[in-house]
Amino acid sequence: MADRDEGLIDCPCNLYEMAKEICLRIDRPKRHCSVVLHKGRVVAVGTNHTKTHPIAKKYGYLFDEMHSELDAFRKCKNKQGLELWNFRFNRFGQERISHPCPKCLPWCAEVFDSIHYTTGEGIKRLRKAPFDYRTQKFT
């Protein structure tokens, strides 16, 4: 994919710690947490779900399971001016890669003004590139 990443960036410390705490409470192998900000304030938090959901089915997710990005976005009342912050930690509290998957990335790039994600070594901001829905690739 031709998405473009910037170097490591700073994250508001309370956001990182809040997401880590949420991830460590998740009782399943995939400990993803997505936090949506609007004007610097948390407006929604989502986690991965193993339970099926009609919205996940609509978007073609494997096993119709909802990903954290979709879970958080569906909770947002305001759909403009949003930032996505993705986090993933293992059961030991170690940071892992939380780049949006190929199913999430196209629609996330459309609805969020900025996308941030953990890398295992820090946080990166994804610079959005135009997405070609015909070829399913970034240009």
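**Close-up 1. The side chains of Asp-71 and Lys-75 meet in a salt bridge.** In this predicted model, the bridge spans 3.5 Å from N to O. Lys-75 is partly exposed, with a relative accessible area of 42%. Asp-71 counts as buried, at 1% relative accessibility. That value falls under the 20% cut-off, so Asp-71 is classed as buried.

**Close-up 2. Asp-71 also forms a salt bridge with Arg-74.** Here the closest N and O atoms are 3.2 Å apart. Both residues belong to helix 3. They sit three residues apart, a separation of about one helical turn. Why can such a spacing bring two side chains to one side of a helix? An α-helix has 3.6 residues a turn, so residues three or four places apart point the same way. Arg-74 is partly exposed, with a relative accessible area of 39%. Shared partners join the salt bridges of Asp-71, Arg-74 and Lys-75 into one network.

**Close-up 3. In helix 1, Arg-25 forms a salt bridge with Glu-21.** The closest N and O atoms of this pair are 3.8 Å apart. Helix 1 covers residues 13-25. Arg-25 and Glu-21 are four residues apart in helix 1, or about one helical turn. Is Arg-25 buried or exposed? Arg-25 is exposed, with a relative accessible area of 59%. The model has three salt bridges in its count.

**Close-up 4. Helix 4 is mostly covered.** This helix runs over residues 104-111. How many of its eight residues are buried? Six of them are. The buried residues are Cys-104, Leu-105, Pro-106, Trp-107, Cys-108 and Ala-109. Leu-105 lies in helix 4 and has a relative accessible area of 0%. Its C-alpha atom is separated by 9.3 Å from that of Ile-115. Along the chain, Leu-105 and Ile-115 are ten residues apart.

**Close-up 5. The largest nonpolar core has 19 residues.** Which residues have the most contacts inside this core? They are Val-36, Trp-107, Cys-108, Phe-112 and Ile-115. Two or more core residues come from each of these elements: helix 3, strand 4, helix 4 and strand 5, which spans 114-118. Helix 4 gives the largest share, four residues.

**Close-up 6. Cys-108 has contacts beyond its sequence neighbours.** Which residues does Cys-108 touch once neighbours within four places in sequence are left aside? Cys-108 is in contact with Glu-69, Leu-84 and Ile-115. Cys-108 is one of the buried residues of helix 4. Cys-108 and Ile-115 are both among the residues with the most contacts inside the largest nonpolar core.

**Close-up 7. The largest pocket holds about 410 Å³ of space.** Its lining has 23 residues. Which of them are closest to the pocket centre? They are Lys-30, His-32, Asn-48, Glu-65 and His-67. Helix 3 (68-74) and strand 4 (82-88) are the elements that give two or more residues to the lining. By class, the lining has eight nonpolar, nine polar and six charged residues.

How values were computed:
Residues are numbered from 1 along each chain as its sequence is written. This is a predicted model: local features need pLDDT of at least 70, side-chain atom pairs count only at pLDDT 80 or more; totals for chains, interfaces and linings use all residues. Side-chain values use heavy atoms; hydrogens and water are left out. On a 1 Å grid over the protein atoms alone, a cavity is a set of points where a 1.4 Å probe fits but cannot get out, and a pocket is an open set with protein on both sides within 12 Å along at least five of seven lines; lining residues have an atom within 4 Å of a point. Grid points are joined across faces, edges and corners, and a volume is the space filled by probe spheres set on the points. Ala, Val, Leu, Ile, Met, Phe, Trp, Tyr, Cys and Pro count as nonpolar, Asp, Glu, Lys and Arg as charged, and the others, Gly among them, as polar. Buried means under 20% relative accessible area, exposed over 50%, partly exposed in between (1.4 Å probe, protein chains only). A nonpolar core is a set of buried Ala, Val, Leu, Ile, Met, Phe, Trp, Tyr and Cys residues joined through side-chain atoms within 4.5 Å. Contact means heavy atoms within 4.5 Å. A salt bridge is a side-chain nitrogen of Lys or Arg within 4 Å of a carboxyl oxygen of Asp or Glu.
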